[in-house]
Number of protein chains: 2
Amino acid sequence: MNELRRDPITGRWNIVVLDKIADLSDFKSEPHPKDPQGCRFCYGNENDMPEIIAHRKYGPPNSPGWTVRVLPNKYPALRIEGELIKEGLGVFDMMTGVGAHEVIIDTPDHFRDMADLSYAEMEEVVWAYLARSIDLRRDKRFKYILIFKNYGESAGASLEHPHSQLIALPIVPKIVQEEIDGASKYFDYKERCVFCDMLRQEQMEKERIIYDGRYFTAFCPYVSRFSYEIWILPKKHQSDFALLQRDCVSCLAKALRDCLARMKGLLGDPSYNFIIHSSPINGHDREDYHWHIEIMPKLTKIAGFEWGSGFYINPVPPEIAAKNLLSVKLVEK
Amino acid sequence: MNELRRDPITGRWNIVVLDKIADLSDFKSEPHPKDPQGCRFCYGNENDMPEIIAHRKYGPPNSPGWTVRVLPNKYPALRIEGELIKEGLGVFDMMTGVGAHEVIIDTPDHFRDMADLSYAEMEEVVWAYLARSIDLRRDKRFKYILIFKNYGESAGASLEHPHSQLIALPIVPKIVQEEIDGASKYFDYKERCVFCDMLRQEQMEKERIIYDGRYFTAFCPYVSRFSYEIWILPKKHQSDFALLQRDCVSCLAKALRDCLARMKGLLGDPSYNFIIHSSPINGHDREDYHWHIEIMPKLTKIAGFEWGSGFYINPVPPEIAAKNLLSVKLVEK
């Protein structure tokens with residue numbers, strides 16, 4: 001019989017399929033065409049959009065020689081200019097689309113994704129995330145900074161060149177607020193962080209862990225919504241990604257790169273999203289929330305049941321997902 | 001500048017794109033292959049799974065001659081047999097997968113979808129939804145009945161033959177609970193149903209309405225998450241789909257069929273989900289909740305931003321969606 005499992009953070013139930021577990025052949029590989037012709041993110045096209053920051057080995061700003069480059073999004077969901085206006089329209093509320101929308105170009109190489117980066121290259125990407133995250137929180141209009149990556153068409157990526165995105169928002173998004181409300185309710189009752197408790201339990205049970213470094217642990221969560229979902233958590237309690245200490249950056253880069261490389265090695269380059277879940281801006285280091293990264297490979301489609309219930313049906317128990325991911329032989333580089 | 005709009009029910013903000021509105025050519029049509037070879041839902045294969053109920057023109061049960069047929073799902077997410085066991089596992093909760101999972105075969109014709117049905121055929125499907133909804137609520141283990149349809153691969157459909165699904169759940173799903181909590185908070189404050197207020201405003205503003213019948217209204221909601229999203233609401237307050245009166249069935253069938261036919265006519269047979277949102281079982285006719293149908297064409301992909309924020313970016317303002325949908329010339333049948 002299948003099993004319903006409840007996420008202790010948000011209270012969401014998911015269905016873990018035990019009756020008819022999907023095996024690797026059930027997941028169709030999606031092609032990821034790579035044609036650098038006309039790519040705005042490759043070397044030589046720096047004039048298309050002036051950079052906000054870049055790490056470079058040589059050359060002046062907005063020229064080749066960079067290793068990671070951050071730009072404003074050419075078609076932003078929210079714009080940095082303009083006044084934040086809020087109005088009521090009868091029963092509805094409206095707000096102007098003020099915010100920041102930036103693109104982090106992960107590497108100058110059009111043909112490699114994050115799973116193929118060296119640890120040193122991955123570290124540079126994490127540094128860029130951190131630098132932008134720290135800089136943008138000085139703008140008082142923003143309440144939340146969301147960093148994420150879409151890889152492949154099923155994950156909503158519209159450009160091939162490896163890149164991540166950052167959106168600064170004038171409100172705390174609902175999903176984050178729900179996590180915070182749930183975690184804070186747990187804290188009120190137990191006086192412990194629910195993520196710390198979850199991490200302890202995963203470390204004790206061991207069967208879902210796929211990375212255990214000095215500062216970070218990665219596991220397939222007991223309540224995975226998606227097949228082969230992976231979470232990365234700092235081992236020491238910390239609520240805000242922007243508080244990440246210098247000496248932890250390389251461990252995070254290694255954890256993220258290794259998780260993505262295991263996914264690619266096992267699942268044949270699946271489309272995926274990852275999202276850094278962090279506490280809202282100007283929250284001091286809250287005791288009740290724990291920042292983390294959620295990696296969600298897009299192997300199955302979201303259907304009416306998920307849309308109507310918020311339940312997810314996961315055809316691969318996370319215990320099996322972790323075992324399979326661990327079987328991948330990694331190339332350290 | 002883009003606009004943020006807030007759903008008064010759940011408090012969710014969405015981004016409506018005004019800077020770069022998508023036009024019809026921006027949406028790729030998805031092929032819907034139709035091969036009846038080996039289809040378990042076509043005439044002649046009734047022995048594959050005995051029916052729960054069927055409407056038939058001729059013949060004994062489990063033989064051809066039916067117009068609508070309801071079966072247990074061959075690979076159910078939840079099973080009707082077995083005891084409902086709930087356990088704690090450290091920080092997590094677990095429950096056995098008890099429930100009902102049924103398939104409603106909308107028509108014996110493998111090659112037509114709901115958008116192509118006659119009003120009379122569509123009425124039969126609504127009758128089947130209603131009959132199963134009324135029957136299953138007698139099982140005291142169930143708290144919620146979810147009726148939905150997945151059409152096309154992007155919407156998560158795994159079988160070609162036109163069908164809908166019903167899942168009876170031992171708990172009230174999170175998404176429904178959130179809607180109820182939001183609506184009930186609004187009711188506490190205003191002593192009015194938020195859906196009734198929304199309906200009144202849509203009827204007054206008129207620009208998003210695409211169907212206005214005797215008992216039902218359909219519109220592209222002001223806070224559409226998806227391009228060309230459509231909601232159908234009973235005009236008279238009613239919280240539970242199972243309370244639908246006999247004389248309203250044909251109006252609902254017409255509303256649903258016409259909305260789907262407009263979508264198909266305009267958007268070239270897109271994949272879609274629709275979901276009947278209803279109040280939990282054994283709620284009397286609650287004053288604060290209003291059942292409705294949400295139709296969500298799958299024209300864009302959900303990406304990291306949506307997963308991380310719960311915001312949706314909608315590149316077609318609902319005002320334009322409604323205008324375009326209304327331009328479709330319908331065949332009444």
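Author: Gladly! Helices (H or I, at least four residues) and strands (E, at least two) are DSSP runs numbered from the N terminus, and two strands pair if DSSP finds at least two bridges between them. This is a predicted model, where local features need pLDDT of at least 70, side-chain atom pairs count only at pLDDT 80 or more, and totals for chains, interfaces and linings use all residues. Residues are numbered from 1 along each chain as its sequence is written, while chains are lettered from A and ligands numbered from 1 in the order in which they are written.

Reader: How many strands form the open sheet in chain B, and in what order?

Author: There are 10, running β3-β4-β7-β9-β8-β13-β14-β12-β11-β10 with antiparallel pairing. At the edges, β3 (53-56) and β10 (209-212) of chain B each pair on one side only.

Reader: Which residue stands opposite B:I147?

Author: B:L166 in β9(B) does. Strands β8 (residues 144-151) and β9 (residues 163-169) of chain B are antiparallel partners over 5 bridges.

Reader: Now a helix: which residues of α6 in chain A are buried?

Author: A residue is buried if 20 or more other C-beta atoms, placed from the backbone, lie within 10 Å of its own. In α6 (residues 318-326) of chain A, those are A:P318, A:A321, A:A322 and A:L325. Seen down the axis of α6(A), the buried residues fall within an arc of 95° (taken from the directions from the helix axis to the C-beta atoms), so they line one face of the helix. An α-helix has 3.6 residues a turn, so residues three or four places apart point the same way.

Technical notes. A residue is buried if 20 or more other C-beta atoms lie within 10 Å of its own, exposed if 12 or fewer, and partly exposed in between; C-beta atoms are placed from the backbone.
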